[in-house]
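This report describes selected features of one protein structure.

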Number of protein chains: 2
Amino acid sequence: MKSIVLLIGLIAGIVTVKAEDGSELWLRGNQLNQTAGLFSSISGDKHQIAFEEFQQGLIKMNSRELAFSNNVADKGLLIATTKNAQIKKLGLAKDLKGLGREAYLIKTISQRGKKFTVVTATKPEGLLYGAYHLLRLVQTGQAIGNLNIVEKPSYDLRILNHWDNLDGTVERGYAGYSIWKWDELPAVISPRYKEYARANASVGINATVLNNVNASPEILTQEYISKVKAIATQLRPFNIRVFLSINFSTPRVLGNLPDADPSRPEVREWWKKKVAAIYKEIPDFGGFLVKANSEGLPGPMDYGRTHVDGANMLAEALKPFNGLLMWRAFVYEPGDDRAKLAYKEFIDFDGMFADNVIIQVKNGPIDFQPREPFSPLFGAMKHTPLMPELQITQEYLGHSNHLVYLSPMWKEVLDADTYAFGKGSTVAKVTDGSLITTRVSAIAGVANIGEDTNWTGHHFAQANWYAFGRLAWNHQLSSETIAREWLTLTFDSAAPDLMDMMLTSHAAAVDYMMPLGLHHIFAWNHHYGPEPWCDVPGARPDWLPRYYHNASEKGIGFDRTTTGSNAVSQYYSPLKEQFNDPETCPDEFILWFHHLPWDYSMKSGKSLWDELCYRYDRGVQQVREFQKIWDRNESLVDPQRFREVQSKLKIQSKDAMWWKDAIILYFQTYSKMPVPYSIERPVHELEELKLIKLDMIHHN
Amino acid sequence: MKSIVLLIGLIAGIVTVKAEDGSELWLRGNQLNQTAGLFSSISGDKHQIAFEEFQQGLIKMNSRELAFSNNVADKGLLIATTKNAQIKKLGLAKDLKGLGREAYLIKTISQRGKKFTVVTATKPEGLLYGAYHLLRLVQTGQAIGNLNIVEKPSYDLRILNHWDNLDGTVERGYAGYSIWKWDELPAVISPRYKEYARANASVGINATVLNNVNASPEILTQEYISKVKAIATQLRPFNIRVFLSINFSTPRVLGNLPDADPSRPEVREWWKKKVAAIYKEIPDFGGFLVKANSEGLPGPMDYGRTHVDGANMLAEALKPFNGLLMWRAFVYEPGDDRAKLAYKEFIDFDGMFADNVIIQVKNGPIDFQPREPFSPLFGAMKHTPLMPELQITQEYLGHSNHLVYLSPMWKEVLDADTYAFGKGSTVAKVTDGSLITTRVSAIAGVANIGEDTNWTGHHFAQANWYAFGRLAWNHQLSSETIAREWLTLTFDSAAPDLMDMMLTSHAAAVDYMMPLGLHHIFAWNHHYGPEPWCDVPGARPDWLPRYYHNASEKGIGFDRTTTGSNAVSQYYSPLKEQFNDPETCPDEFILWFHHLPWDYSMKSGKSLWDELCYRYDRGVQQVREFQKIWDRNESLVDPQRFREVQSKLKIQSKDAMWWKDAIILYFQTYSKMPVPYSIERPVHELEELKLIKLDMIHHN
C-alpha cells in the first residue's frame with residue numbers, strides 16, 4: 001500500500017499551490033491540518049462516486065497518512081451501500097429502513113476493542129450525501145470518534161432555478177454570463193459542469209432548471225434537447241436531475257399550431273410527443289417549470305382557460321415518465337393590491353391540480369424584497385402541494401456587490417407560523433409534506449451562479465448557494481451552524497466577528513435599504529439603488545415605488561388593514577389581527593401593513609420619522625463595522641480573496657450611504673421633519689442623487 | 001424731529017424684507033432687537049462719512065426710536081472730530097495725542113447727572129473707524145453704558161491683494177469672476193465698489209492692490225489708469241487707498257525700451273514719468289506691489305541686477321509722492337531645499353533697501369500650505385521692514401467649498417516667537433514696528449472676493465475676510481473674539497457649538513489634508529484634492545508632491561535637520577535645536593523637519609503610521625460633527641444661507657473622506673502597515689482615486 005500513500009502525497013503537493021481565487025468554493029480542502037491519523041485506511045465500494053468524492057476531498061486536505069485497505073482495521077473507514085458484504089454483516093440496513101433513496105448512516109463501530117467508521121446508505125445517492133457529510137465533519141474539524149448519524153432530506157426536490165437565457169445572459173445574474181455554453185454544446189463540455197454538479201451535490205441539491213422562467217420556445221427544439229442531454233450526462237453521476245422552463249406558447253411557435261390553447265387536442269398531443277422525445281434522450285429528465293400569464297408571458301388565460309387547465313395538460317404529458325410540473329404563482333394581473341393577487345388567483349383552485357403538479361410560490365407576496373412577510377398562500381391551499389421559491393441571487397439585495405447572508409431571511413420565512421393547522425404550522429411544515437400531502441415535496445432557489453472565476457461574483461455570495469442547499473436538505477439547521485460550516489470550509493476560520501458579520505448582514509441591508517416594512521422603492525428595472533421618486537410615464541402603477549411607499553405630508557406606508565386593501569385577511573388568525581393593529585404589528589412589517597403619520601409613536605418611543613432615520617443610519621454604521629471586521633481578519637485570509645471582499649465592502653459602504661441619503665432626503669420633503677441630530681448627516685444632495693442612472697439590467 | 005423718526009421707520013421696514021443671501025456680509029444689521037432706547041438722539045459732524053455710516057447701520061437695525069438732535073441730551077450720542085466745538089468743550093483731544101490719523105476715542109460722559117456717549121478722533125478716518133466700532137458694539141449686543149475705548153491700529157497699512165486679472169478671471173479665486181469690471185470702467189461704476197469699500201472700512205482695511213501679482217503691463221496704460229482712478233474715487237471716502245501690482249518688464253513692453261534693466265537711465269526715467277502720471281490722476285495713490293524673478297516673471301536678475309536694484313529704482317520713482325514699494329520675497333530659484341530659498345536670496349540684502357520699500361513675505365517658507373512654520377525671514381532681517389502676506393482665499397484649504405476659519409492659523413504665525421531679539425520677539429512684533437523700525441508697518445491678505453452674491457463663495461469664508469481686517473487692526477484680538485463678533489453680526493447667533501465649529505475648523509482641515517507637518521501633496525495646479533502620487537514629466541522637482549513627502553518603504557517626511565537640508569539653521573535658537581530633534585519638534589511640524597520611519601514612536605505612544613491614520617480619521621469625524629452642529633442650528637439661520645452652508649458641508653465631508661482614503665491608501669503602499677483597526681475603513685480604491693482629474697484652475 002505504500003506506493004498509493006506516496007502518490008496521494010504527491011498529488012496533494014500539486015493541489016496546494018492552486019491560487020485562492022474562490023473557484024473551488026467550499027470544496028477547497030482546508031488548512032486545519034488535523035487530518036493526520038484521522039483514518040488508518042479506507043475501504044468499501046470503490047466504484048461508487050461517494051468513495052471517489054471522499055477520497056478526492058481528503059487529497060485536497062493534504063493527507064499524507066491515508067492508506068487504502070480491503071479490511072476495516074482499527075481507525076479505518078468503510079464507505080459502501082447496504083448491499084456491500086461487510087455492511088450486511090454489521091446489520092445496519094434496518095437503521096435506514098423507509099427513509100428513502102437519499103438517506104444515509106454514519107456510524108462508529110466498536111468491534112473487538114477496535115473502532116472504525118462506517119458510511120452507508122441503501123442507494124448510491126444516499127451514500128454520496130453521507131460521504132460529503134463525513135468529509136464536512138473532517139474539514140470543519142469536528143469530533144468524529146463516536147458518530148451515529150442518520151439523515152434524510154427535509155424536501156424531496158432541492159432545486160436550483162437558473163434564470164439563464166439561451167443567448168448567454170443571465171436575468172438578475174451578477175456573476176458574469178451563464179455557465180451553460182449553449183453555442184458550444186453538445187460538442188464541447190465545459191469542465192465547470194462537473195464542478196457545478198459536485199458543488200451542488202456536496203450541499204444536497206439534487207435538481208436544476210437550466211433556463212430562465214422567461215423561457216424561449218427554442219429550448220424545446222431537438223437541437224437544444226441534445227444540448228440539455230449533454231449537460232444531464234455531466235450532472236447525473238452527482239444525483240442531479242435536469243428540468244427545463246418552458247414557454248406556454250411553444251406548440252404554436254415550434255409546432256405550427258394555430259394557438260396553444262390547452263383544450264385543443266392537437267396542443268395536448270404536441271406536448272405529449274415533445275415530452276416523450278425529451279425522455280427518449282434523457283430518461284431521468286425531471287420535468288417543467290412554468291411561468292404563465294405573468295408579466296406578459298403567454299398562458300392558458302390567453303384562451304379563456306385557467307391555471308388548472310394549463311398545468312394539468314402539461315402534467316398529463318409528463319405523468320407517464322414520472323415527470324413533475326412546477327407551476328409558478330408569481331402572477332399579479334392589475335385590479336387590486338398587488339400583495340393580494342397571487343392568493344386571489346390561486347385559492348379557488350385548491351385541490352384541482354393533478355398530483356404531479358406543484359405550485360411554486362415566492363417566499364413573500366410581492367417579489368423577493370429585502371424583507372417580506374411570508375406569502376399567505378402558504379397554508380391557505382390545504383389540498384395542493386406548494387413549494388417555496390427563494391431567491392439566492394441578490395436581485396434586491398445589492399447584487400454581487402453587497403455582503404448579505406440570506407439564511408436568516410429564509411429561516412424567518414420557513415419558521416414563520418401560518419397557523420393553517422393551528423399553532424406550529426410553519427411555512428416549512430406546510431411545504432415539506434408534514435401537514436399537506438404531496439407526492440414530491442420541493443423547494444427552489446433562484447441561482448446566483450455565473451461564469452465568474454468565483455462563481456457568484458462576491459465570495460460571500462457563495463455562502464448563499466451553500467446555505468440554500470443546506471436548508472433545503474435540513475430546514476432545521478440554524479443560520480449559525482450553516483455560517484460556521486461555510487466560513488470554516490471557505491476561509492478556514494469561523495472567527496466570532498466573521499460569524500457576527502454574516503449573521504447581522506441581512507438585518508443591516510434591510511436597515512440601509514428598506515427598514516420598517518418599506519418595499520420596492522428601488523430604481524427602475526435594475527433594482528440596485530434607491531429611486532423612491534421614480535416615475536416612468538405609462539408604467540403600471542404597481543411597477544412604481546410610490547405605489548408601495550405612498551409617502552405624502554400625511555405619512556407613509558401601505559394600508560393593508562381591514563379598512564385599507566384588507567390584505568391582512570389573507571392570513572389566518574391570530575396573524576391577521578396582529579398585522580391589522582399597528583400596536584401589535586411587528587416593527588419589521590409596520591409600513592407593509594400600515595400607512596402611518598410621520599409623528600406616529602413607535603414601540604421604541606421615537607417618532608416614525610426618527611425611527612426611520614435611525615435605522616438607515618444604523619445600517620450605514622453596521623457596514624462600516626463589517627469593513628473593520630474584515631480588515632481585522634486580513635491575516636487569516638489569502639491576499640486575493642481578502643482584497644476582493646475588501647473592495648466589495650467599500651462599494652457596499654458607499655452604497656449604504658447613498659441609500660440612506662436618498663431615502664431620508666426624499667421622504668424629508670414630505671415629513672418636513674429634521675433628521676435626528678444625533679445621527680450622521682447626509683453627504684449627498686437629493687437633486688444630485690436623482691440624476692444617477694445606472695446602466696445595468698441583466699447582469700453586471 | 002418726529003418726521004425724521006417716522007422716515008427712518010419707513011426705510012427700516014423696506015430694508016428688512018431683503019433676502020438673506022449673504023450679500024450684506026456682516027453689515028446686514030442684526031435681529032437682536034435690543035436697540036430700543038439705546039440712544040435718545042444723535043448729533044455731531046453730520047457731513048462726516050462716519051456719521052452717515054453710523055446712521056445707516058442703525059437704520060438697518062430697525063431702530064424706530066432714534067431721533068437726531070443738535071444737543072447732547074441724556075442717553076444721546078455725539079459723533080464728531082476733535083475740531084467740533086462740543087468735543088472741544090469736553091477736552092478729549094489729549095486722549096488721542098500722538099496716536100495718528102486713524103485712532104479714535106469712544107467714551108461715556110457723565111455731566112449734571114446725565115450720561116451721553118462720544119465718538120471722536122482727530123481725523124475723519126479715525127472717526128469712521130470709531131463709528132464702526134460703536135456700531136459693532138451695539139450690533140453684537142455688548143454693554144455700552146460705560147465706555148472708555150481708545151484704539152489705534154496694529155499695522156499702518158492693512159491691505160488686500162487681489163489676484164484679479166484684467167480679463168476678469170481671478171487666480172486662486174473661488175467666488176466667481178472679479179468684482180472689477182475693467183471693460184465697463186470708467187464709464188460704468190458698479191454699486192459693488194462702494195459696498196466693497198464699506199465692508200473693508202468696517203473691519204479696518206485701508207488699502208487694496210487691485211490686480212494680480214502675476215501682473216500684465218497693460219495695467220499701467222493711460223486707459224487703465226483712468227479705470228483705476230474711477231475705482232479709487234469710490235474707495236477714497238472710506239479711507240481706502242489703491243495700489244497696483246506691476247510687471248517689471250513694463251518699460252520694455254509699453255515704453256518701447258530695449259529692456260527693463262534697472263541700471264538703464266531710460267528705464268528709471270520711464271518709471272518716474274509713469275508714476276508721476278498716475279499721481280496726477282490719483283493723488284493718494286498707494287504705490288506698487290512687485291513679484292519679480294519668481295515663477296517665470298521678469299525681474300532685475302534678468303539683467304544681472306539684484307532685488308535691491310529693482311526695488312530701489314521703483315522706490316525712487318514713488319518717493320516724491322510718498323508712495324510705497326512692496327517687494328515680494330516669494331522666490332525659489334532651484335538649487336536647494338525650497339523652504340530655504342527666500343531666506344537665502346534676501347538675507348544678504350538686509351539694510352540695503354530704500355526706506356519706502358517693504359518686503360512682503362508669505363507667512364510660511366513654502367506657499368500657504370494648510371499649516372507651515374513661520375518663514376525664517378521674519379526676525380532675520382533686522383534692518384529691513386517686512387510685511388506678512390497671508391492668504392485669505394483658500395487656495396490650499398478647500399477653495400470656497402470647505403468651512404475653514406483661518407484666524408487660528410494666522411494667530412499661530414503672528415504669535416510665533418522668532419527669538420530674533422530674545423524671547424517674545426513674535427512675528428507680529430518684528431513686523432508691526434515694535435522691534436524693527438519701519439516707515440510704514442503693513443500686513444497683506446490675498447483676497448477671497450469675487451462677484452458671487454455672497455462675495456466669497458462660502459458664507460463662512462466671509463469670516464476670513466472679516467478676521468483678516470480685524471487682526472490687521474489689532475493682532476492681539478483672539479480668534480474667539482473675532483469669531484463671536486462675526487457670527488453675531490452675520491447669523492445673529494454665536495452659539496457655543498457654532499463657535500466651536502469655527503475655532504476647530506482649521507485643525508480639522510489640517511487633519512484630513514496634511515497633518516503632522518506634511519505639505520504640498522496636492523493635485524497638480526488646482527491644489528484642491530490629494531495627489532501625493534502626482535508625476536508630470538518635465539516638471540520642476542519642487543512642483544511635485546514627492547519632493548515634499550519623500551515617502552518610501554523606509555519612511556516619510558522632509559529631512560531639514562542639520563544632517564539634512566539644514567533649513568533648521570535659518571531659525572534662531574532655541575527654535576533651531578527644538579526643530580532639529582524629533583523628540584522636541586512639535587508634532588504639527590514633525591514631518592516638515594524630519595524624515596522618520598513608519599514605526600517611529602510618536603509622543604502619543606502610537607507609531608507614526610498609526611498616528612497619521614488616526615489624524616486623518618479624526619479630521620473626517622470632525623467634519624461630520626460640523627454637519628451636525630450646523631443642522632442643529634437650522635432654526636437660528638435663514639433658509640437660504642442655511643441650505644447653502646449645509647450643501648458646502650456635504651462637499652467638505654465627502655472631500656475629507658476622499659483626502660483620508662487617498663493619502664492613507666497611497667502611503668500604505670510604502671508603509672505596508674495595516675490601517676489601525678479602530679478607525680473607519682477607506683471606502684475608495686486607490687486606483688480609482690488616481691483617475692480623478694478635476695478641471696479647475698483659476699476659479700470655480
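Does A:Glu451 count as buried, partly exposed or exposed, and at what relative accessibility? A:Glu451 counts as partly exposed, because its relative accessibility is 36%. Here buried means under 20% relative accessible area, exposed means over 50%, and partly exposed lies in between (1.4 Å probe, protein chains only).

This is a predicted model, in which local features need pLDDT of at least 70 and side-chain atom pairs count only at pLDDT 80 or more, while totals for chains, interfaces and linings use all residues. Residues are numbered from 1 along each chain as its sequence is written, chains are lettered from A and ligands numbered from 1 in the order in which they are written, and side-chain values use heavy atoms, with hydrogens and water left out.

**Salt bridges**

A salt bridge is a side-chain nitrogen of Lys or Arg within 4 Å of a carboxyl oxygen of Asp or Glu. By this rule there are 94 salt bridges over all chains. Three of them are listed here.

| Pair | N to O distance |
|---|---|
| A:Glu451 and A:Lys181 | 2.7 Å |
| A:Arg560 and A:Asp337 | 2.8 Å |
| B:Arg136 and B:Glu485 | 3.6 Å |

A:Glu451 and A:Lys181 form a salt bridge at 2.7 Å. A:Glu451 is in the loop between β14 (442-446) and α13 of chain A and A:Lys181 in the loop between β7 and α5 of chain A, so the pair ties together parts 270 residues apart in sequence. Helices (H or I, at least four residues) and strands (E, at least two) are DSSP runs, numbered from the N terminus. A:Lys181 is partly exposed, with a relative accessible area of 22%.

The salt bridge between A:Arg560 and A:Asp337 has an N to O distance of 2.8 Å. This pair links distant parts of the chain, 223 residues apart: A:Arg560 is in the loop between α16 (545-549) and α17 (575-580) of chain A, and A:Asp337 in the loop between β11 (324-328) and α10 (338-346) of chain A. Both A:Arg560 and A:Asp337 are buried.

In chain B, the closest N and O atoms of B:Arg136 and B:Glu485 are 3.6 Å apart. B:Arg136 belongs to helix α4 (residues 124-139) of chain B and B:Glu485 to helix α14 (residues 479-491) of chain B, so the pair ties together parts 349 residues apart in sequence. B:Arg136 counts as buried at 8% relative accessibility, and B:Glu485 is buried with a relative accessible area of 8%.

A:Asp417, in the loop between α11 (407-414) and α12 (427-431) of chain A, is buried yet has no salt bridge. The nearest side chain of opposite charge is that of A:Lys423, 4.7 Å away; Lys and Arg count as positive and Asp and Glu as negative, while His and the chain ends are not counted. A polar atom of the A:Asp417 side chain lies 2.6 Å from the backbone nitrogen of A:Gly424.

**Helices and core**

Helix α5 (residues 191-202) of chain A has 12 residues and should span 16 Å at 1.5 Å a residue, which agrees with the 17 Å between its end C-alpha atoms. The expected span is 1.5 Å times one less than the number of residues. Among the buried residues of α5(A) are A:Tyr193, A:Tyr196 and A:Asn200. Just after α5(A), A:Gly204 takes a positive phi of about 95°.

Helix α19 (residues 608-632) of chain B has 25 residues and reaches 36 Å from its first C-alpha to its last, close to the expected 36 Å. Of its 25 residues, 19 are buried, so α19(B) is largely enclosed by the rest of the structure.

The largest nonpolar core has 435 residues, and those with the most contacts inside it include A:Phe288 and B:Phe667. Such a core is a set of buried Ala, Val, Leu, Ile, Met, Phe, Trp, Tyr and Cys residues joined through side-chain atoms within 4.5 Å.

**Backbone angles**

Most residues other than glycine have a negative phi, and most peptide bonds are trans. A:Asn293 is not a glycine but has a positive phi of about 45°, and is buried at 8% relative accessibility. B:Phe368 has a positive phi near 55° and is buried, with a relative accessible area of 5%. A cis peptide bond joins A:Leu185 and A:Pro186, with omega about -5°; the bond from B:Leu185 to B:Pro186 is cis, with omega near -5°.

How values were computed
A polar contact is a pair of N or O atoms within 3.5 Å; within protein, one must be able to donate a hydrogen and the other to accept it, and residues adjacent in sequence count only if both atoms are side-chain atoms.
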